[in-house]
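Let's take a quick tour of this protein model, one topic at a time. Keep the structure open beside you and find each spot as it comes up.

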Amino acid sequence: MTMNVKGFWSWAFYDLKEDKMYGSTPYTTSDTASMAKAWVAADWLRRQAEQNKQPAAAALQELSRMIRDSETENTFKYHVQNGNLTSIKRMITTCGLTETKGTQNSWSLTQMSARDVARLAKCIGDGRAAGPKWTGWLLNEMRNVRGPGRFGPIEALPVDVQKTTAIKNGWLARDDGQWHIACMAVGDGWTIGVMAHYPSTLGKDYGTKTCREVTKQLLTQPPR
């Protein structure tokens, strides 16, 4: 991976067909911001199915907006219903994560390495995260992310491949004076995770370009 990027950035590529992970080291973590909403939705839906409950239409609409539009208004409500920090610990065990750490009363501050993001993407894609009943629904929502959250990996893909690729990104200029960017994509036979933070003066687009360029390099010259 040849890129000249200011600040911190890390990448991971999971070749699902070969069951091999590639990526940068060390496995430094950064916060997920809105990317974690994919797990919040998955955990809630799977647990509803495990309790033989059918989510109300209003709840599904809220979850849909949370994924497609990255609406934050109701995210904490579902995170609390999932058990708060217990939910993040469940994500770690369910998806086999090794660097991830949660923060009480926050889904947004969850710390993940790029390779754990790629593992979470695999976990969503293979059904462990949302369970057999809701995985298709969740992936469809992630394929229809729109607005300011539709950036990064999806922009590097051909139009026909974009339609079958599920994404969830995080982006936030935090009080530490840095933009925090998190990108996750679930493709056909692969997943990608990119984490970055850098001086806020560089703007959001600097981070979205980093995710886009990483994906472009990985898919044109897959690591071997």
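Predicted model: local features only at pLDDT ≥ 70, side-chain atom pairs only at ≥ 80, totals over all residues.

Start with cysteine 183, which sits opposite valine 194 in strand E8.

- Strand E7 covers residues 178–186 and strand E8 covers residues 190–199; the two run antiparallel and are joined by 9 bridges.
- Tryptophan 179 has a bridge partner in E8 too, namely tyrosine 198.
- E7 and E8 make a hairpin with 3 residues between them, and glycine 189 in the turn has a positive phi of about 90°.
- On to E6: this strand pairs with E7 over 8 bridges, again in the antiparallel sense.
- Within that pairing, lysine 168 stands opposite methionine 184 in E7.
- E6 and E7 form a hairpin as well, with 4 residues between the strands, and here glycine 177 takes a positive phi near 80°.
- Zoom out and you get an open sheet of 5 strands, in the order E2-E1-E8-E7-E6, with antiparallel pairing.
- Which strands stand at the edges? They are E2 (20–23) and E6, and each has a single partner strand, so one side of each has no neighbour in the sheet.
- From one strand to the next, the twist averages 10°.
- How enclosed is E7? Of its 9 residues, 8 are buried, so E7 is largely enclosed by the rest of the structure.

**Helix H6 and its tryptophans**

- Helix H6 (residues 131–143) packs on the sheet, where it touches E6 and E7. The direction of H6 makes about 55° with that of E6.
- Tryptophan 134 and tryptophan 137 both lie in H6, 3 residues apart, which is about one turn of the helix.
- These two tryptophans form an edge-to-face aromatic pair, 6.0 Å centre to centre with 90° between the planes.
- Are they buried or partly exposed? Tryptophan 134 has a relative accessible area of 6%, so it is buried, while tryptophan 137 is at 22% and counts as partly exposed. The cut-off for buried is under 20%.

**Another aromatic pair**

- The structure holds 4 aromatic pairs.
- One of them is tryptophan 44 with tyrosine 78: the ring centres are 5.0 Å apart and the planes are at 80°, so this pair is edge-to-face.
- Tryptophan 44 is in helix H1 (residues 37–50) and tyrosine 78 is in helix H3 (residues 75–81), so to speak a link between distant parts of the chain, 34 residues apart.
- Tryptophan 44 is buried at 7% relative accessible area, and tyrosine 78 is buried at 3%.

**Threonine 165**

- Look for threonine 165 in the loop between helix H7 (159–162) and strand E6 (166–173).
- With a relative accessibility of 1%, threonine 165 counts as buried.
- A polar atom of the threonine 165 side chain lies 2.8 Å from the backbone oxygen of valine 161.

**The core**

- The largest nonpolar core has 66 residues, and Ile124, Ile181 and Met184 have the most contacts inside it.
- Among the residues that isoleucine 124 touches are Ala38, Leu138, Met142 and Met184.

Methods: Residues numbered from 1 in each chain as written. Heavy atoms only, no water. Buried < 20%, exposed > 50% of the residue type's maximum accessible area, 1.4 Å probe, protein only. Polar contact = N/O pair within 3.5 Å; in protein donor to acceptor, adjacent residues only side chain to side chain. Core = buried A, V, L, I, M, F, W, Y, C linked by side-chain atoms within 4.5 Å. Contact = heavy atoms within 4.5 Å. Pairing = 2+ DSSP bridges. Axes fitted to C-alpha atoms, helices over the stretch in contact; angles between N-to-C directions. Phe/Tyr/Trp six-rings, centres within 6.5 Å; stacked < 30°, edge-to-face > 60°. Lists of a residue's contacts leave out its neighbours within four places in sequence.
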